[in-house]
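Trainee: I have a structure open and would like to go through it with you. Where do we start?

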Amino acid sequence: MTTPTTEAPAWQQAAFDALKAGGIRQIAYVPDAGHSYAIRQAQLDPDITDVVLTTEEEGVAVVSGAWLGGQRAALLMQSSGVGNCVNMFSLLRSCNFPFLTLVTMRGEYAEFNPWQGPMGKTTQQALELMGITVLRASNPGEVGEIVSAAADSAFLAGEQVAVLLSQTLIGRKKWERN
């Protein structure tokens, strides 16, 4: 795989800044290169608790519990993780908890891994079938505003919202040959 650059793209910083400005106090995640900047910043920020998950559906419970405890939380995951969460999304619908997730997309632009294709092609539909509002960011300049709007929708209007971060933002992934 390609080695990530040491400096994060501006859109990753804009996403984290929007989470921080939106009052996010907990960030739950399964480690993912597309969320690496936000994960690192959450780990360094004394005002944010970072919660490493073994599987994404745990994150639905973590962010729901954070809300019950009086804090705002966000779940960071890859599109393949959405499939792991479908059953847990019923918790959100049954209890009407606000919910915010940022989803890095795979199975779209220049995907090299055939396992990523099926879920990547159905991520938006799976979320919408579970009653989650889907916003999509494909342009680096729009990420901060879209994440900010999603946080407002979740925590001011009580909605369940997913922001899909297009694979074109993350960049083309490819295997390196030795």
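Mentor: With a term: buried means under 20% relative accessible area, exposed means over 50%, and partly exposed is in between, using a 1.4 Å probe and protein chains only. Helices (H or I, at least four residues) and strands (E, at least two) are DSSP runs, numbered from the N terminus. This is a predicted model, where local features need pLDDT of at least 70, side-chain atom pairs count only at pLDDT 80 or more, and totals for chains, interfaces and linings use all residues. Residues are numbered from 1 along each chain as its sequence is written, and side-chain values use heavy atoms, with hydrogens and water left out.

Trainee: Fine. Which residues of H2 are buried?

Mentor: Tyr 37, Ala 38, Ile 39 and Ala 42.

Trainee: And what covers them?

Mentor: The cover includes H1, strand S1 (24–29), S2 and strand S3 (72–78). As for the spacing, an α-helix has 3.6 residues a turn, so residues three or four places apart point the same way.

Trainee: Back up a bit. How many helices and strands does the chain have?

Mentor: Eight helices and six strands. From the N terminus the order is α-β-α-β-α-β-α-α-β-α-β-α-β-α.

Trainee: How much of the chain is buried?

Mentor: Of its 178 residues, 47% count as buried. The accessible surface is about 8,600 Å², and carbon and sulfur atoms hold 52% of that. Those areas come from the Shrake-Rupley method with a 1.4 Å probe; for residues, only the protein chains shown count as cover.

Trainee: What about contacts along the sequence?

Mentor: Contact means heavy atoms within 4.5 Å. Taking contacts between residues at least 6 apart in sequence, 75% join residues at least 24 apart.

Trainee: Changing topic: how many salt bridges are there?

Mentor: Two, where a salt bridge is a side-chain nitrogen of Lys or Arg within 4 Å of a carboxyl oxygen of Asp or Glu. In one, the side chains of Lys 20 and Asp 45 meet at 2.6 Å, N to O. That pair links distant parts of the chain: Lys 20 is in helix H1 (residues 10–21), while Asp 45 is in the loop between helix H2 (36–44) and strand S2 (49–52), 25 residues apart.

Trainee: And the other one?

Mentor: Lys 20 again, this time with Asp 47, at 3.5 Å, N to O. This pair also links distant parts of the chain, with Asp 47 in the loop between H2 and S2, 27 residues from Lys 20.

Trainee: Is Asp 45 buried or exposed?

Mentor: Asp 45 is buried, with a relative accessible area of 13%. Asp 47 is partly exposed at 42%, and Lys 20 counts as partly exposed at 32%.

Trainee: How many cavities of 30 Å³ or more does the structure hold?

Mentor: One. The largest cavity has a volume of about 60 Å³. On a 1 Å grid over the protein atoms alone, a cavity is a set of points where a 1.4 Å probe fits but cannot get out, and lining residues have an atom within 4 Å of a point. Grid points are joined across faces, edges and corners, and the volume is the space filled by probe spheres set on the points.

Trainee: Which residues line it?

Mentor: Among them are Trp 11, Phe 16, His 35, Leu 102 and Leu 165. H1 gives the largest share of the lining, five residues. The lining divides into seven nonpolar, three polar and no charged residues. Here Ala, Val, Leu, Ile, Met, Phe, Trp, Tyr, Cys and Pro count as nonpolar, Asp, Glu, Lys and Arg as charged, and the others, Gly among them, as polar.

Trainee: Now S3. How accessible is Met 77?

Mentor: Met 77 lies in strand S3 and is buried, at 1% relative accessibility. Not counting residues up to four places away in sequence, Met 77 touches His 35, Phe 89 and Thr 101, among others. Met 77 and Thr 101 are 7.4 Å apart, C-alpha to C-alpha, and 24 residues apart in sequence.

Trainee: Last one: where is Asn 96?

Mentor: Asn 96 is in the loop between helix H5 (89–95) and strand S4 (99–104). Its phi is near 55°, a positive value in a residue other than glycine. Leaving aside neighbours within four places in sequence, Asn 96 is in contact with Leu 91, Gly 158 and Gln 160.

Definitions and conventions
1 Å grid on protein atoms, 1.4 Å probe; cavity = no way out; pocket = protein on both sides within 12 Å on 5 of 7 lines; lining within 4 Å.
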